[in-house]
Amino acid sequence: MLPVIYFDANATEPLRPQARDAMLQAATLCGNPSSVHQAGRQARKLLDDARKRIARHFDAEDDNCVFTSGGTEACALAIHGLQQENGPRRVIIGATEHDAVRQACAETTILPVDANGQINPADLERTLAEDQSPALVCLMLANNETGVLHPVAEAGRICAQYGALLHIDAVQAAGRVPVSVTSPGVTSLAISGHKFGGPKGAGALLLAGGGARQLAPLFAGGGQERGRRGGTPALPAIYAMAAALDAAIADQEQRTQQQTRFRDRIDAAAKASGSVVIGENSPRLPNTTSLATPGIRAEARLITMDMAGICISSGSACSSGKIGRRSHVLEAMNTGELADCTVRVSLPWNVTEDEVTQFISIWARPAR
Ligand code: PLP
């Protein structure tokens, strides 16, 4: 068997060893964090500890870290709850948002993106100025397919100026680039543990402000998470998410330098062999590149790479299984037919130079 080179980190990152240890530690505890007896109190201690550590990394108050099952639920909760805050609020989203956001709102105003994948803050300002009814704006910090970063700091300033709430989908950004819920104009941040080396099954919604911010729950259940998310929390996954985040942030700077160098090597080699880098002129995540090769369909490329032991994907993990569906991200960027020839390469936290070298040599000789 060929050794697998896993370059699909944006679908899910490999589990970090610190997360695996923490998961096992929490999984051996029997108590429910809501129980008042000592077994429950032991579990509650780990839950509180995870909440404190995660909140701190995003400058949120502990009470404003609401645990969820992942990024999709965190975005759905933000949209459901914030739409009702002094609302109803109309929802404005970027054209390249993940389905976690696109499918969570019935009706939206869509902000276009340019050929580099970014919204134009002037479009946001115009949209808010034209209709001054209460609004909720949803923008991703980093795009999952291209790695393109939106100008969220500017969007935040505009939202603050017009009294609009701003939900940031930071699922791909958390642990990879600095993110804070105290940035001007930001109301909430969604994160997902398995995107930074935690296990699947835990995420969080970080809310801005002091004191526990009220939020209408998607499901009230037994009133856990201060009434904002019912249900027994998945303690092993949550405790492991905290450990993964600690580790991801501890090596963020050094990893950014290394991954940027690796990504630039891949981009240069891909361009030399006739590929185009989508979103190249925008600021991007250090670990992500979106490569289109005119004349070589994405499926053919994926099969060639898979046969050589390399895992990459043709878009988001959620949509790549759906045959014949063009990426809405690439369509919004007006890439035309190139969309059918585009694959995503996303480097994991434990990528090595050797793997990058092998990737490059295989990329240069794809079957047509
Ligand atoms: N938002 C973005 C930008 C994503 O890339 C993803 C997953 O790929 C999600 C939200 C959903 O996260 P989860 O898989 O944890 O539900």
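**View 1. One salt bridge crosses the interface of domain 1 and domain 2.** A salt bridge here is a side-chain nitrogen of Lys or Arg within 4 Å of a carboxyl oxygen of Asp or Glu. Arg176 forms a salt bridge with Glu13. Their closest N and O atoms are 2.9 Å apart. The model is predicted: local features need pLDDT of at least 70, side-chain atom pairs count only at pLDDT 80 or more, and totals for chains, interfaces and linings use all residues. Residues are numbered from 1 along each chain as its sequence is written, and side-chain values use heavy atoms, leaving out hydrogens and water.

**View 2. The chain is assigned domain 1 (5–13 + 252–363) and domain 2 (17–250).** These bounds come from an automatic or database domain assignment. The domain centres, taken over C-alpha atoms, are 26 Å apart. In contact (heavy atoms within 4.5 Å) are 31 residues of domain 1 and 35 residues of domain 2.

**View 3. Thr72, Asp169, Gln172, Ser192 and Lys195 come nearest to the ligand, out of 13 residues around it.** A residue counts as near if one of its heavy atoms lies within 4 Å. The shell divides into three nonpolar, eight polar and two charged residues. Nonpolar means Ala, Val, Leu, Ile, Met, Phe, Trp, Tyr, Cys and Pro; charged means Asp, Glu, Lys and Arg; the others, Gly among them, are polar.
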